[in-house]
Amino acid sequence: MDSGNADYHIQREVIDEQRLKERSQRMDRSQTNLSISHRLKKSLSCSVPKLKHSIVGFLPVLSWLPRYSIWDYGMPDLISGISVGIMHLPQGMAYALLASLPPVFGLYTSLYPPLIYFIFGTSRHISIGTFTILSIMIGSVTERLAPDAYFLIYNGTNVTEEVDIISRDLYRVQVAAATTVLGGLIQVVLGLVQFGFVGTYLSEPLVRGYTTAASLHAVVAQLKYIVGVSPKRFSGPLSIVYTLADLVMLLPETHLPTLLASVVSIVVLITAKELNNALRQKLLVPIPVELCTIVMATVISFYTRLNESYKISVVGEIPSGLQLPGVPNTSVFSEVVLDAFAIAIVGYAISISLGKTFALKHGYKVESNQELVALGLSNTFGGFFQCFSVCSSMSRSLIQESTGGKTQMAGVVSGVIVLVTVLKLGSLFQELPKAVLAAIVFVNLKGMFKQYYDVVTLWRSSRIDLLIWLVTYVSTVLFNLDMGLGASMGFALLSVIFRTQRPSYSLLGHLPGTELYLDMETHKEVREVPGITIFHSSATMYFANAELYLEALKKKSGLDIGKMLTYKRRQEAKQRRRERRAERRARREAKRQKKAFREASQRSKNAVFRVEDETGQLKDGMNGDIHRELSCRERENNTVFVIPETARTSDGHHTWVYLKGTDPDTATLGSVSDLHDGDITTLDSSSEDTLSRDLERISLGSLGKWTWDIHSIILDFSTANFTDTVAIKTLRNIFHDFGEIDVDIYLAGCQALVVEQLERGGFFSDVITEGRVFATVHDAVLYCLKHRGAVTIHSYENALDISGTRL
């Protein structure tokens, strides 16, 4: 190896795929078979530890409840549970309005699901219950399947403007419960089939754009309670636009007492929350601002008769006690299956993201699949008790964590608070104005409103993520929550495809003194390896970018394979045509030569010729035409003229001498033993055997049109995590096309799965062996330098006899 390659000479074994296979095949086959049977037996066996592990995995409460310390965790969980339970009361009733359901069903939803999650959940800090986004999604389903127009009261033949609210709400509860049960079943099934990773398809920009758009739907849904009007209900695409337009038309009919109550409630809530945040460090537990607000509003409404005197809408009758469980209305499953799936995915994505945040902060693990099962069982069980869909709430979870909650025992305490309210205190909130609940929803959406600042942040950091955010927001606003989610997920996946379809391509150079190979454009200290091009792609090569990969390789390497091969094939075709013409001429000359020799043989039968003495007689005695034919044959075909030296022996053979050279007058003598293989022409053989031969392989270097200093190209496949048939075919074409111009191709950094897929795809053959695949780029470089890098670039070009300019 020359001095120019000294930096790359490292004394160690070069590892390629064949060597790796040889090492792995040294294992005893009997031991391998034994291990397979052992693993199969182990997987099918059932032992006490394995059974215990499975039970604890499905019922996580058994892993911590037996070791629960009342002295360490009891008081923090009690304080945290009371704080969260107090928040459940106003939020449950307010979010029930978002779901277009009576407020009491929000209290039921705050009671049953947290108890189920206590048993099956793995997060210690999230608070399961009502949430803004899911309430809006449920509300869109209930209003679509149970609009007011279906429940107008008929008076004989006339239809009044009054709505049968009792029948409407009853059917809406059935629709909400059926949607919740179906969504819960979907979550359970996805969790059991280990599909917990589905939440990863909802990227953070997508989730934030979706929740921001959902908050706009929530605001529009609460405007009618804030201004005290009754707009028409719309469903389907652009429903929010139609609703806003109708609200604008109804603004002159605004109910001023209701608007005043809403504004006062919003001001009080915002002021109290800001004071609460300012004094957070000095308070043992946060002040229950929302609970204080609804208590004060209820007291004021009760004593001032707001409903009777000022026609302000109130919550109305809240039945005491619990509802008996009932089977959901399965007849609506087919109409809500898409909505249920969307609710299941969104609810899980919100819960798992919040759960992992707290788990990372406090140093424990949240199981994704078990969380999906726990959330699904909470929804399924709650649906039988007329609950609507639940997930974790950020505001309540932050309160549960900040007030010292240690385990899900805080969720049980909050459930007890809600239970006492439902059983004994529910009737006290019958005079609560709905405008106050709408104000609570409006103020709690303040955090969602801050997400509009994501546009500025993403503009600075990632334009693609900004585009995902905007597409999600616009599609969710215009096409409603279910179709908006589907459109945004589709666009997010397409953005991934687009980014992998057009990855960045680069050439790698060697960092002296190391085995590292870095981008030569971004790292100025790296050096190009002489004669070797190392090509790197930032993404996996597959059907969507295989052609672009090939084009980038040609561009980066500077070799226009298409033009070079086209020129080569044209030259080969010209060469074949010249050979065919020469062969035809040779056949004609051979026939004439054979005829001339036959005539000469008849005249000189049994005669002995010596070349030194008889050459002149042969010229004089033979016909002049024959002599001209022989001379012509010798000159045109650069062959030899052979004549017998002695008389025929008893066995019928002659001793031969020959004239060798292009000019018979200056030709030299020699014996047959001195002839080389290409110097002898058998006179009595056929012309086809004499002159026909295979066309020699033409190299581009011999054609003299191009020169290049690349003898090897290494494809860095370290970023590839899979391959497909299109990519395998493209790789095979790369190996073949570059081999046509005497450039070797090698693969480096392939993962085991990629190599296995290459084998199954029939990539390897006698020409493309596994010896072309190396464990690292450095192994491939060492191999190339060892086999083809022992000469300098200049001598390499001279060896190929290449002239011209480098591409």
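Helix 8 has among its buried residues T132, I133, L134, S135, I136, M137, I138, G139, V141, T142 and L145. The structure is a predicted model, and the protein chain in it contains 32 helices and 13 strands.

- Helix 8 covers residues 132-145, a run of 14 residues.
- From its first C-alpha to its last, helix 8 reaches 20 Å, close to the 20 Å expected at 1.5 Å a residue.
- Because 11 of its 14 residues are buried, helix 8 is largely enclosed by the rest of the structure.
- Two packed helices are described by the angle between their axes and the distance between the axes.
- For helix 8 and helix 15, the angle is about 175 degrees and the axes lie 10 Å apart.
- Helix 8 and helix 15 are therefore roughly antiparallel to each other, since an angle over 145 degrees counts as such.
- On the helix 8 side, the residues that meet helix 15 are I133, L134, M137, I138, V141, R144 and L145.
- On the helix 15 side, the residues that meet helix 8 are E335, V336, D339, A342, I343, V346 and G347.

**Nonpolar cores**

- In soluble globular proteins, nonpolar side chains tend to be buried together.
- The largest nonpolar core holds 108 residues, and those touching the most other members are M93, I133, M137, I294, V346, L432 and L437.
- Helix 15 (residues 333-362) supplies the largest share of this core, with 15 residues.
- A second, separate core has 36 residues, including L507, L565, V743 and V773.
- Leaving aside residues up to four places away in sequence, I133 touches Y210, T211, A214, S215, V346, M448 and L481.

**The chain as a whole**

- The protein chain has 807 residues, of which 46% are buried.
- Among contacts between residues at least 6 apart in sequence, 80% join residues at least 24 apart.
- The accessible surface of the protein chain comes to about 42100 Å², and 59% of this belongs to carbon and sulfur atoms.

**Residues with positive phi**

- Most residues other than glycine have a negative phi, and most peptide bonds are trans.
- L238 has a phi near 65 degrees, a positive value in a residue other than glycine.
- The loop between helix 10 (204-227) and helix 11 (239-250) contains L238, which is partly exposed with a relative accessible area of 32%.
- D742 has a phi near 65 degrees, a positive value in a residue other than glycine.
- The loop between helix 29 (725-740) and strand 12 (744-748) contains D742, which counts as partly exposed at 35% relative accessibility.

**Two exposed residues**

- Y154 belongs to strand 2 (residues 152-155).
- Because the relative accessibility of Y154 is 61%, this residue counts as exposed.
- Y154 and D164 stand 10 residues apart in sequence, with 9.7 Å between their C-alpha atoms.
- K311 is found in the loop between helix 14 (306-310) and helix 15.
- The relative accessibility of K311 is 63%, so this residue counts as exposed.
- K311 and H255 are separated by 56 residues in sequence, and their C-alpha atoms are 8.8 Å apart.
- Not counting residues up to four places away in sequence, K311 touches H255 and L306.

Notes:
Residues are numbered from 1 along each chain as its sequence is written. This is a predicted model: local features need pLDDT of at least 70, side-chain atom pairs count only at pLDDT 80 or more; totals for chains, interfaces and linings use all residues. Side-chain values use heavy atoms; hydrogens and water are left out. A nonpolar core is a set of buried Ala, Val, Leu, Ile, Met, Phe, Trp, Tyr and Cys residues joined through side-chain atoms within 4.5 Å. Buried means under 20% relative accessible area, exposed over 50%, partly exposed in between (1.4 Å probe, protein chains only). Helices (H or I, at least four residues) and strands (E, at least two) are DSSP runs, numbered from the N terminus. Contact means heavy atoms within 4.5 Å. The expected span of a helix is 1.5 Å times one less than its number of residues. Accessible areas come from the Shrake-Rupley method with a 1.4 Å probe; for residues, only the protein chains shown count as cover. Axes are lines fitted to C-alpha atoms, for helices over the stretch in contact, and angles run from 0 to 180 degrees between N-to-C directions. Angles under 35 degrees count as roughly parallel, over 145 as roughly antiparallel, 65 to 115 as roughly perpendicular and the rest as oblique.
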